[in-house]
Amino acid sequence: MEEREKTLDVITIGRASVDLYGQQIGARLEDVASFAKSVGGCPANIAIGTARLGLKSAWLGRVGDEAFGRFITEQMAREGASTEGIITDKERLTALAILGVEDDKRFPLIFYREDCADMALTEGDISEDFIARAKSVLVTGTHFSRPHTAAAQKIAMTFAKGYGGKVIFDIDFRPNLWGLAGHGAGEERYVRSHTVSERLKSVLSHCDLIVGTEEEILIGSGETDLDAALRTIRQVSSAVIVLKRGPMGCIVYDGAIPEDIEDGIVGRGFPIEVYNTLGAGDAFMSGFLRGWLTGEPLETCATWANACGAFAVSRLLCSPEIPSFSELSHFLEHGSQHRALRRDAALNHIHWATTGRRREYPSLMALAIDHRVQFEEMADKAGADRGQIAAFKLLAVEAAAKVADGRDGFGMLLDEKYGRAALFAAAKLPDFWIGRPVELPGSRPLKFEFSQDVGSRLVEWPVDHTIKCLAFFHPDDPDDMRLEQIETLGALYDAARSVGREVLIEIIGGKNGAVATDTVQRVLAELYSAGVKPDWWKLEPQADAGAWVLIEETIAANDPFCRGVVLLGLDAPAEELKAAFRAAAESEIVKGFAVGRTIFASAAEKWLAGEMDDKEAVADMAERFGALVAAWEARGQ
C-alpha cells in the first residue's frame, strides 16, 4: 500500500458513552441526588485527552441518533478532535454510564450498554482512506468481546500497518462487558477467563504499544503471575509495554524484560490525594501518547502520563479533567503545593481557560439590553404597563439577529426579570453570545439580584450563558466599601468556576470619583491580587491611549488567558462611542463593545408611548446597532 500524508496523529476506536457522575461525594449511588454529564468511554476519553494535549486526534465509532449522541459529536468538535469517523446509528441508543464516589476506594459504576450504538461497529464502518491518514490507531479490549466489533478493529489495524501507521492497544478490561460479572459489578477490574485471554493474546503480535494495568497485563497474557505475564507478552510481541501501577506510576519495557521487572524505564512520580480513580487510565494514556507519538524519550512519556493520571485521580469526572498541554507544562515546571490538585487555584484557572470555555470569540459586538430600572422608568413615564418591557426586549433580539445575520462575534446582554422570553429567543440564534446580569441594579456596595446565594441560581443557567456583574468601584473608595465589593466579586467568581460558567465583570468608576489614566488599571490590579480572574472585562471608554496601555499591561501580567475587554456605552451619543472605538484601536486587549441605551433608548421611549410600531422599533435599533458595528470594524482606518 502506498503511504498517505498523515493528517492525524491518532484514531481511537471503540467505546463512547455519556457519563453521569454523582455529585454527592461519599454517598451510595442509591442516595445520589444529582449528576454531572460528560463524554466517557476509554477511546473517546483518549481522543479528547490527546486533542487537549496538542495532538491531532479522532474517535471512530457509533453514536445514537438522539441528544446524547449529538452531545458526544459536538463535544468532540469543541475539544478539537476530528468527528470524521463518527457514525450515527439510527437504530440504537448512545451508551450511558452512571458513576459515583463512595469513598477513596469504592467507585460504583453501572453500564447501560445493551445493544448500544458503539457496540454495533462493523468492518463496513472502517474507511481505509481515513485510517491511512493517521500515524496510529488505538484499539481497545472491550471491542474484541464481540465478533463484529473485533473484525472492525482488526481491519483498522491491517489498514494502519499497510500504510505505515502504528497500532496501540489499550487492554481496557471490564469483566462485566465481557459477560463475566453482573450489571452491578461495573467497578470490578479482574475476573480470570481463558476465553478472554486467548482473544486478547491474538492481538498482541500486531501491536507497537501495549498498555495495561497489572490486572490487564494478566488477562492479556493468560498468566497468573505478573513476571510471567510480561515475559509471555514479550515472546509474541516486540511492542513497547507500559505497565500501569496506579499511585506508583508506571514501568515501561522496551526490548527484553529485565530479570527484575522493577528495572524498567520509569518517569517522575506525583504523590497526590486519591479522589476518584475512574478515567485516570485514559488521562494516563493521553499523556503517554503526547510524548510517544512526538518522539519523546520513554522516560518523558512516562512522566507526562503519570502527571496526567494524577490530574484525573485528583478530580471528579473523566474526560473533562484531562489537562491541556499548557496546564501540564505549568504543573511539570512549578509543581503544586496541594496534594488535591483540584484545590490549586493556578492550575484550575489554566484548566478552565484552556479546556472549559466552549468556543472562541476573537471579537464581540453585543447589544446590551439587560437594563431593569431604566426600562421601568421609561414605562412609567410613558404610562405603559411594565409587562410590555418583555415584549420590547423580544424586538431587540430580532434587531440584533438582523444585524448579526448569522455571523460570528455577535451577542446580547439580557436579564431574567424582563428578558426571559428574549433569552429563549436569543438562545435559538446560531453561535450567539449571551450574557446575563446578577447584580441588584444600582447597588453599592454590590448586592446580587433575587438572592445572595448566587451559586444556587447559576446551576439553572445554560452552560454557555455568561455571568455579567456590574460593580460601581473606584480605587479611592473607603476601605470597607472596597473590601466588601472585592469579597462579593470573589464569591461570584468562585461560584462561577464551581458550576462552570464564564464571568464578565463590568467596572464603572467614573460615577464615584475622578477618572485618571491609572484609575481603571488600579481597580483591575486590586481584583487580580484577590484572585479574581474574569473571562471578560467590561470597561468605560478611556480618555487617552496611555490608560489602555496600563490596562493591557495589568491584564497581561495577571491573566494572559483573559478573553479581553468590551467597551460599555453609558448612554453616550453614538459619535462619542465611535471616538472611543478609535482611541482603543491600538489596544489588542479591547475586543469589542456591549452597548445598550445608545442603541435602544429612542425606540423604547417611542414604542412604550405608542408612537412607534414593532417593525419600526426593530428597524430603528438595527440601524443604530449596525452603525456601531460598522464604526467598530473601521476603528483603525
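**Reading buried residues and aromatic pairs**

Mentor: Phe581 has 0% relative accessibility, so Phe581 counts as buried. Buried means under 20% relative accessible area, exposed over 50%, and partly exposed in between, with a 1.4 Å probe and protein chains only. The model is predicted: local features need pLDDT of at least 70, side-chain atom pairs count only at pLDDT 80 or more, and totals for chains, interfaces and linings use all residues. Residues are numbered from 1 along each chain as its sequence is written, and side-chain values use heavy atoms, leaving out hydrogens and water.

Trainee: How many aromatic pairs are there?

Mentor: Rings of Phe, Tyr and Trp (its six-membered ring) pair if their centres lie within 6.5 Å; planes under 30 degrees apart are stacked, over 60 edge-to-face, the rest tilted. The count here is twelve. One of them is edge-to-face: Phe410 with Phe625, 6.2 Å centre to centre and 85° between the planes.

Trainee: Which residue forms an aromatic pair with Phe581?

Mentor: Trp632, edge-to-face, at 5.4 Å centre to centre and 90° between the planes. Helices (H or I, at least four residues) are DSSP runs numbered from the N terminus. Phe581 lies in helix 19 (residues 574-583) and Trp632 in helix 21, so the pair ties together parts 51 residues apart in sequence. Trp632 is buried too, with a relative accessible area of 3%. Phe410, Phe581, Phe593, Phe625 and Trp632 form one aromatic cluster.

Trainee: What sits over the ring of Trp632?

Mentor: A charge sits over a ring if NZ of Lys or CZ of Arg is within 6 Å of the ring centre and within 35 degrees of the ring normal. For Trp632, the charged end of Arg635 does this, 3.8 Å from the ring centre. Likewise, the charged end of Lys37 sits over the ring of Phe71, at 4.1 Å.

How values were computed. Helices (H or I, at least four residues) and strands (E, at least two) are DSSP runs, numbered from the N terminus.
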